Amino acid sequence: MQVMTCPSGSRIVVTGASWGRAEKSVCPGPGGPCTPINVFLDIDLLCTGKQSCVITNPTAIGWPDPCFGIRKSITAQWSCMAGGLLLC
């Protein structure tokens, strides 16, 4: 699960996102690391412009499993922008 939250009066601007397990220390468990997939566009569409956003079930969004049987995580980078946000 990935939770993104900005203070009141500001909005999320997603700058990057991936789904997988690039490092074995992330989500420890059996199996090794695997190559994460880039999910920036999906997370950007779901979260940019909101004050808070929670991504809970990547397979429900339709993302393929980048490493079947291995524990993985969503990693997102974002910033908070105060004031208006121009969305095109």
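Me: Where does Met1 lie?
Reply: Met1 sits in the segment before strand 1, which covers 2–5. Keep in mind that this is a predicted model.

Me: Buried or exposed?
Reply: Met1 is exposed. Its relative accessible area is 71%, and exposed means over 50%.

Me: What is Met1 in contact with, leaving aside neighbours within four places in sequence?
Reply: Met1 is in contact with Val54, Ile55 and Thr56.

Me: And how many residues apart are Met1 and Thr75?
Reply: They are 74 residues apart in sequence. In space, Met1 and Thr75 are 9.2 Å apart, C-alpha to C-alpha.

Me: On to strand 1. Which way do its side chains point?
Reply: They alternate. Gln2 and Met4 point to one face and are buried.

Me: What does strand 1 pair with?
Reply: Strand 4, residues 52–55. The pairing is antiparallel, over four bridges. Within it, Val3 has Val54 as its bridge partner.

Me: Zoom out. How many helices and strands in the chain?
Reply: Two helices and five strands. The order from the N terminus is β-β-β-α-β-α-β.

Me: How much of the chain is buried?
Reply: Buried residues are 30% of the 88 in the protein chain. The accessible surface is about 5300 Å². Carbon and sulfur atoms hold 59% of that surface.

Me: What share of the contacts comes from residues 24 or more positions apart?
Reply: 72%, counting contacts in the protein chain with a separation of 6 or more.

Me: What is the strand order in the open sheet of three strands?
Reply: The order is 3-2-5, with antiparallel pairing. Strand 3 (34–38) and strand 5 (73–82) are the edge strands, and each pairs on one side only. Neighbouring strands in this sheet are turned by 25° against each other on average, direction ignored.

Me: How many bridges between strand 2 and strand 3?
Reply: Three, in the antiparallel sense. Strand 2 is residues 10–21. Arg21 stands opposite Cys34, which is in strand 3.

Me: What packs on the sheet?
Reply: Helix 1, residues 40–47. Helix 1 touches strand 2 and strand 3. The direction of helix 1 makes about 150° with that of strand 2.

Me: Where is Lys24 found?
Reply: In the loop between strand 2 and strand 3. Lys24 is partly exposed, at 48% relative accessible area. Lys24 and Cys34 are 10 residues apart in sequence and 8.6 Å apart in space, C-alpha to C-alpha.

Me: Core next. Which residues touch the most other members of the largest nonpolar core?
Reply: Met4, Ile12, Ile43, Cys47, Ile55 and Trp63, out of 14 residues in that core. At least two core residues come from each of strand 2, helix 1, strand 4 and strand 5.

Me: Which element gives the most to this core?
Reply: Strand 2, with four residues.

Me: Back to Trp63. What does Trp63 touch, not counting residues up to four places away in sequence?
Reply: Trp19, Ile37, Val39, Asp42, Ile43, Ile55, Pro58 and Ile74.

Me: How many aromatic pairs in total?
Reply: The count is one aromatic pair. The rings are those of Trp19 and Trp63, with centres 6.1 Å apart.

Me: Why is the pair tilted?
Reply: Because the planes of Trp19 and Trp63 are at 45°. Stacked needs under 30 degrees, and edge-to-face needs over 60.

Me: Which parts does the pair tie together?
Reply: Trp19 lies in strand 2. Trp63 lies in the loop between helix 2 (58–61) and strand 5. So the pair ties together parts that are 44 residues apart in sequence.

Me: Are Trp19 and Trp63 buried or exposed?
Reply: Both are buried.

Me: Last one. Where does Asp65 lie?
Reply: In the loop between helix 2 and strand 5. Asp65 is partly exposed, with a relative accessible area of 34%.

Me: And what does Asp65 touch, not counting residues up to four places away in sequence?
Reply: Trp19 and Lys72. Asp65 and Ile37 are 28 residues apart in sequence, and 8.8 Å apart in space, C-alpha to C-alpha.

Definitions and conventions: Residues are numbered from 1 along each chain as its sequence is written. This is a predicted model: local features need pLDDT of at least 70, side-chain atom pairs count only at pLDDT 80 or more; totals for chains, interfaces and linings use all residues. Side-chain values use heavy atoms; hydrogens and water are left out. Two strands pair if DSSP finds at least two bridges between them. Axes are lines fitted to C-alpha atoms, for helices over the stretch in contact, and angles run from 0 to 180 degrees between N-to-C directions. Contact means heavy atoms within 4.5 Å. Buried means under 20% relative accessible area, exposed over 50%, partly exposed in between (1.4 Å probe, protein chains only). Accessible areas come from the Shrake-Rupley method with a 1.4 Å probe; for residues, only the protein chains shown count as cover. Rings of Phe, Tyr and Trp (its six-membered ring) pair if their centres lie within 6.5 Å; planes under 30 degrees apart count as stacked, over 60 as edge-to-face and the rest as tilted. A nonpolar core is a set of buried Ala, Val, Leu, Ile, Met, Phe, Trp, Tyr and Cys residues joined through side-chain atoms within 4.5 Å.
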